[in-house]
Amino acid sequence: MRILVDADGCPVVDITLKAAASRGVPVLLLCDTSHVFEREGAETITVSRGADSVDFALVNRLAAGDLAVTQDYGLAAMCLARGARVLHQDGMEYTAENIDALLLARHTAKKIRRAGGRLKGGPKRTLAQDAAYERALIRLLEECHEQP
């Protein structure tokens with residue numbers, strides 16, 4: 001098992017690295033050339049900048065049983081199709097049961113924006129969101145470790 005992180009603008013990279021290191025789980029950080037960064041304890045893969053370039057690079061490296069971290073619903077759907085577990089940076093696990101509703105909400109929001117409508121952005125990230133993510137990550141890592 002590995003953890004693959006859609007690291008462009010991801011606020012939970014350090015939490016992920018800490019939890020993974022304590023359990024000996026390798027981490028791959030994927031980013032494009034406009035977000036290049038390195039973190040100790042992770043392999044960083046930098047891909048060319050372009051629409052969905054990081055998403056496709058992540059999916060192409062993903063194996064069944066890996067864990068992906070992303071806030072992108074489309075990428076989450078592709079990861080689920082590859083047999084991975086997928087976690088949102090707020091601690092929500094994407095599943096076959098919730099992904100269709102999330103994709104529909106994304107599509108509806110896009111239609112509103114295309115028609116000239118405006119949607120309110122999300123609130124500023126909180127420590128509670130970080131804590132929820134860390135709890136969910138640790139739970140998933142423990143579940144995956146227990147599986148044969």
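Reply: We begin with the secondary structure: the chain holds 5 helices and 6 strands. The model is a predicted one. Read from the N terminus on, the elements follow the order β-α-β-β-α-β-α-β-β-α-α.

Me: How is the overall form of the chain to be judged, and what is its radius of gyration?

Reply: One compares the radius of gyration with the value that the globule rule gives for the length of the chain. Here the radius of gyration is 15 Å, close to the 15 Å given by the rule for 148 residues, so the chain is as compact as a globular protein of that length. Along its principal axes, the C-alpha trace spans about 50 × 35 × 30 Å.

Me: What share of the residues is buried, and what share of the contacts joins residues 24 or more positions apart?

Reply: Of the 148 residues, 41% count as buried, where buried means under 20% relative accessible area. Among contacts with a separation of 6 or more, 48% are between residues 24 or more positions apart.

Me: How should I read a helix, and which residues of helix 1 are buried?

Reply: The general idea comes from the geometry of the helix. An α-helix has 3.6 residues a turn, so residues three or four places apart point the same way. In helix 1, residues 13–23, the buried residues are Val 13, Ile 15, Thr 16, Leu 17, Ala 19 and Ala 20. After helix 1 comes Gly 24, which has a positive phi, near 70°.

Me: Which residues of helix 2 are buried, and what covers them?

Reply: Helix 2 comprises residues 53–61, and its buried residues are Ser 53, Val 54, Asp 55, Ala 57, Leu 58 and Val 59. Their cover includes strand 1 (3–6), strand 2 (27–32), strand 3 (43–47), strand 4 (67–69) and helix 3 (73–81).

Me: Where is Thr 44 found, and is Thr 44 buried or exposed?

Reply: Thr 44 is found in strand 3. Its relative accessible area is 17%, so Thr 44 is buried. Leaving aside residues up to four places away in sequence, Thr 44 touches Leu 29, Cys 31, Phe 37, Glu 38 and Arg 39.

Me: Where does Thr 46 lie, and how does its accessibility count?

Reply: Thr 46 also lies in strand 3. With 36% relative accessibility, Thr 46 counts as partly exposed. Thr 46 and Thr 33 are 13 residues apart in sequence, while their C-alpha atoms are 6.2 Å apart in space.

Me: In which loop is Ala 64 found, and which residues does Ala 64 touch?

Reply: Ala 64 is found in the loop between helix 2 and strand 4. Ala 64 is exposed, with a relative accessible area of 61%. Beyond residues up to four places away in sequence, Ala 64 touches Arg 82 and Gly 83. Ala 64 and Arg 85 are 21 residues apart in sequence, and 8.3 Å separates their C-alpha atoms.

Me: How many disulfides does a search of the whole structure find?

Reply: The search finds 0 disulfides. A disulfide requires two cysteine sulfur atoms within 2.5 Å. For Cys 10, the nearest cysteine sulfur is that of Cys 31, 11 Å away, so Cys 10 is in no disulfide. Cys 31 is likewise in no disulfide, its nearest cysteine sulfur being that of Cys 10.

Me: Are these two cysteines, Cys 10 and Cys 31, buried or exposed?

Reply: Cys 10 is buried, with a relative accessible area of 15%. Cys 31 also counts as buried, at 0% relative accessibility.

Conventions:
Residues numbered from 1 in each chain as written. Predicted model: local features only at pLDDT ≥ 70, side-chain atom pairs only at ≥ 80, totals over all residues. Heavy atoms only, no water. Buried < 20%, exposed > 50% of the residue type's maximum accessible area, 1.4 Å probe, protein only. Helix = DSSP H or I, 4+ residues; strand = E, 2+ residues; numbered from the N terminus. Rg over C-alpha atoms; globule rule 2.2 N^0.38 Å. Contact = heavy atoms within 4.5 Å.
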